[in-house]
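Take your time, and try each one before reading its solution.

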Amino acid sequence: MDFLKVTSSPHMRHEDTTRVIMLDVILALVPALIWAVYIFGTRALVLTIVSAASAVIFEFLYRLIMKKSATVGDFSAVVTGILLAYTLPVSVPMWMPVLGSFFAIVIVKQLYGGIGKNVVNPALAARVFLFLAFPSEMATYTSPFTKLPAFANVGADVVASATPLSNLKAGTAPDEKLIDLFIGNSAGCIGEVSILLVLAGGLYLLVRKTITWHIPVSFILTSAVIAYIFPGTGMDAVQYVLSELCTGGLVMAAVFMATDYTTSPVSSKGRIIYGIGCGLITMLIRKCGSYDEGVSFAILVMNCLAWYIDKFTRPRVFGGAKKNEK
Amino acid sequence: MNTLKKMMRAGIIDENPIFVQLLGMCPTLAVTTSASNGFGMGLTVICVLALSNFLISLLRKFIPQQVRIASYIVVISGVVTAIQLLIKAYLPELDKSLGLFIPLIVVNCIILARAEAFASKNNVVMSILDGIFMGAGFTIALTLLGIIRELIGCGTIFGFDVLLRFGYTPILFFVQPAGAFITLGVLIGAVTAIRNKTDGRKKALKGDEAK
């Protein structure tokens, strides 16, 4: 008589658990990693593994020491670790992703209560922390296909390469062709160089309905519009817009970082406002700030505003009072 | 003697101006880039706090209720100016490293808070003791913050090489303003956790209400 059992709602269930979602994100991140290994060598893979593993270990140890339930099984720490590694240059020493993971997991995530309770995106906050703490290491980029040791620290003799982004900042056109920038044949962070493969990962997440289109599209479109209105010198507007979009971590951040569930608004309208805000601040920093890349700061600022956007765009409760009725 | 012990505990642990009352955050965050700066600032505040509490306690029966805050500020700024001149004369190095933050002690909320909450209601001796213990709590907090930030951010403590000789790469972040906020946040969390554990949750909550 099982079918006559009376239960309370919900009656329809979906297999979307945190673990499934996180596994989807990891899967979507894999193509960018394969490309990174292809152009930067095994060091990129080792850095990513070190970062993800240390994130998991820190999460496990923190929950163990504080006598809280173990949460490593949901794989969110793995995603944080991978995302952190993706935003690092390939020449950083091996201890740096470990330190970054500690900051991301313990300070940004667990001290606020763990998964679902952090205010800002852990991976991005850790990236900004490393960026402010070690400005020179975090700004040393190597050209594609430079031979780097897989494990040992990279010496100071490594040839630093100008990134397309720093070229744009300096007001000149990037040396690379647009198609190279799009495919990822340029200097940059491990997971951010290949726009094509990041977009492919994003498309997979869209098809799986892990993310919605609102944030990435509004983020990227806003950046494009601003780049079109205020073009750089030495190239036509369309080329400039495409170069801005295909350099740095803009697409990577728009697809994987800004769409983090915990730190982005819930409603569609709110997500569009959030994406526009991210785009505006990113371009403001790229155009007027002293740093090359403004994506991480932009998303962190909007993370802090997400609760307010949610409050502002709260939909009317069905059957509830109308907005202007008291 | 028991009261003395109680006041000491209140100033340093239970009602620590920085970790519990969260008063005077501006100098706390700004000057603690090194242990000696934090310590110097703390000592200055002890002097100002003890003297201002002493004077305000003496004057408490003459000051009209309606203009008491303004009167307190006049007394406090007088004390601070005197101490600033003394530091300029005898500790020029400390004056150089603390700079603007010495005159800014006038608007430090701890001083006014103790004047309003304690010195205006208690006798002279108690007020001086309260100033000294509250100042001690402030000094301990600032020195601790300074030690941690200097150790991680520069690899030294009070200017002595501690970590650098082991090939440590200083994390500049911790001597920057953002590092101050994070270090302070972690410290407040740790102190609160310790207080909760030692006093039991009830007593800690009571302390919060009293504040």
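Two residues are in contact if their C-beta atoms, placed from the backbone, lie within 7 Å. Keep in mind that this is a predicted model.

**Exercise 1.** Work out which helices of chain A the buried residues of α3(A) pack against.

*Solution.* Start with burial: a residue is buried if 20 or more other C-beta atoms lie within 10 Å of its own. By that cut-off, 11 of the 11 residues of helix α3 (residues 76–86) of chain A are buried, so α3(A) is largely enclosed by the rest of the structure. Next, look for the partners: the buried residues of α3(A) pack against α1 (18–40), α2 (42–65), α4 (95–109), α5 (122–133) and α11 (250–257) of chain A.

**Exercise 2.** Find what Ile190(A) touches, leaving out residues up to four places away in sequence.

*Solution.* First place Ile190(A): it is among the residues with the most contacts inside the largest nonpolar core, which has 85 residues. The largest share of this core, 11 residues, comes from α1(A). Then list the neighbours of Ile190(A), which include Ala36(A), Phe40(A), Leu47(A), Ala85(A) and Tyr86(A).

**Exercise 3.** Describe the build of chain B, then its side facing chain A.

*Solution.* Count the elements: chain B has 9 helices and 2 strands. Now check the size: its radius of gyration is 18 Å, close to the 17 Å that the globule rule gives for 211 residues, so chain B is as compact as a globular protein of that length. Finally, turn to the interface, where 7 residues of chain B are in contact with 5 residues of chain A. On the chain B side these are 5 nonpolar, 2 polar and no charged residues.

Technical notes: Residues numbered from 1 in each chain as written. Chains lettered and ligands numbered in written order. Predicted model: local features only at pLDDT ≥ 70, side-chain atom pairs only at ≥ 80, totals over all residues. Nonpolar A, V, L, I, M, F, W, Y, C, P; charged D, E, K, R; others polar. Buried ≥ 20, exposed ≤ 12 C-beta atoms within 10 Å, placed from the backbone. Helix = DSSP H or I, 4+ residues; strand = E, 2+ residues; numbered from the N terminus. Core = buried A, V, L, I, M, F, W, Y, C linked by C-beta atoms within 7 Å. Rg over C-alpha atoms; globule rule 2.2 N^0.38 Å.
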